[in-house]
Amino acid sequence: MKWETFDSYDALSARAAELFLNAIHADSRVVFGLPTGRTPIGMYDRVVDICSREYHCFTAVETFNLDEYVGISCDHPGSYCSFMREHLFEHVDLDRRRAHIPDGKAADLDAECARYEREIRRAGGLGVTFLGLGRNGHIGFNEPGTPFGSRTRVVSLTASTRTANAALFANGDVPHDAITMGIGTILESRSIVLLVSGTGKEEAVARLRGGEVSEEFPASALHLHGDVQVLVS
Ligand code: GLP
């Protein structure tokens with residue numbers, strides 16, 4: 001695990017955008033795993049800014065989002081589908097048929113999870129996956145206690161995660177369930193970049209630096225992967 005520490009959120013975002021664009025320059029057909037949340041917004045802003053000046057940045061790129069809430073449609077302002085449209089998809093030349101997000105409104109959610117795994121395999125697997133970090137150490141929506149071999153599935157969100165993500169839901173009415181890639185799915189990505197910023201994450205960062213590997217601390221699964229960069233501000 002390689003660590004880089006930054007003085008500011010802006011500096012972290014600039015480095016993350018650099019890694020993102022380097023991945024496209026190294027392989028124009030790169031398959032990204034993509035996060036939502038407050039942390040990656042600065043990275044997406046920079047990528048959009050640069051790609052609006054570069055011809056055909058995303059033409060052959062394929063993306064798979066880590067997670068989505070269950071029970072709300074893409075049009076809901078709190079959906080990760082809305083988030084991705086606002087922060088990335090509407091501003092770059094990414095073919096929407098290659099921009100995948102689990103469908104939290106699918107009639108058969110288990111079938112949707114299996115389909116998502118198949119789509120990732122069909123694309124050749126995840127190449128570079130960016131992750132954010134929850135205060136309790138969650139990655140995607142894999143909460144403490146998640147088996148490291150887990151695959152894409154429906155999960156219940158903890159009260160603390162629902163509170164942390166309440167901003168875009170009227171009356172704090174955050175969905176109780178989500179679809180998330182599993183930790184096993186994430187670990188199959190060829191490389192991983194973990195972005196850590198925001199208040200209340202000091203304890204999680206210290207725990208990750210400590211090196212303990214435990215299913216009670218989901219991000220610690222990343223110690224089992226050979227190519228992880230952690231950017232912290
Ligand atoms: C949510 C997302 C995670 C994200 C986390 C941290 O729970 N499902 O993928 O990493 O929030 O969010 P933030 O970056 O806003 O702190």
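These legends go with a few close-up views of a predicted model, covering the ligand and the cysteines.

View 1. The ligand has 13 residues around it, and Arg38, Thr39, Asp67, His138 and Lys201 come nearest. Sorted by kind, the residues of this shell come out as 3 nonpolar, 7 polar and 3 charged. As for where the ligand sits, the space it takes is the largest pocket.

**View 2. Polar atoms facing the ligand.** At lysine 201, an N or O atom of the side chain is 2.6 Å from an oxygen atom of the ligand. Aspartate 67 also uses its side chain: one of its polar atoms lies 2.8 Å from a nitrogen atom of the ligand. With leucine 133 it's the backbone that takes part, as an N or O atom there lies 3.5 Å from a ligand oxygen atom. How much of the ligand's accessible area does the protein cover? On its own the ligand has 390 Å² of accessible area, and the protein covers 95% of that.

**View 3. The disulfide of cysteine 51 and cysteine 57.** This is one of the 2 disulfides counted in the model. The sulfur atoms of cysteine 51 and cysteine 57 are 2.1 Å apart. The torsion about their S-S bond is about -60°, so this disulfide is left-handed. Are the two ends buried or exposed? Cysteine 51 is buried, because its relative accessible area is 7%, under the 20% cut-off. Cysteine 57 counts as buried too, at 6% relative accessibility.

**View 4. The disulfide of cysteine 74 and cysteine 81.** Here the sulfur atoms of cysteine 74 and cysteine 81 sit 1.9 Å apart. This link is left-handed, with -65° about the S-S bond. Its two ends get separate labels: cysteine 74 is partly exposed at 24% relative accessibility, whereas cysteine 81 is buried at 10%. Count the bonded cysteines in sequence order and the pairing reads 1-2, 3-4.

**View 5. Cysteine 113, in no disulfide.** Where is the nearest cysteine sulfur to cysteine 113? It belongs to cysteine 81 and is 16 Å away. A disulfide needs sulfur atoms within 2.5 Å, and cysteine 113 is in none. Cysteine 113 counts as buried, with a relative accessibility of 3%.

How values were computed. Residues are numbered from 1 along each chain as its sequence is written. This is a predicted model: local features need pLDDT of at least 70, side-chain atom pairs count only at pLDDT 80 or more; totals for chains, interfaces and linings use all residues. Side-chain values use heavy atoms; hydrogens and water are left out. A residue is near a molecule or strand if one of its heavy atoms lies within 4 Å of it. A polar contact is a pair of N or O atoms within 3.5 Å; within protein, one must be able to donate a hydrogen and the other to accept it, and residues adjacent in sequence count only if both atoms are side-chain atoms. Accessible areas come from the Shrake-Rupley method with a 1.4 Å probe; for residues, only the protein chains shown count as cover. On a 1 Å grid over the protein atoms alone, a cavity is a set of points where a 1.4 Å probe fits but cannot get out, and a pocket is an open set with protein on both sides within 12 Å along at least five of seven lines; lining residues have an atom within 4 Å of a point. A molecule sits in a cavity or pocket if more than half of its atoms lie within 2 Å of its grid points. Ala, Val, Leu, Ile, Met, Phe, Trp, Tyr, Cys and Pro count as nonpolar, Asp, Glu, Lys and Arg as charged, and the others, Gly among them, as polar. Buried means under 20% relative accessible area, exposed over 50%, partly exposed in between (1.4 Å probe, protein chains only).
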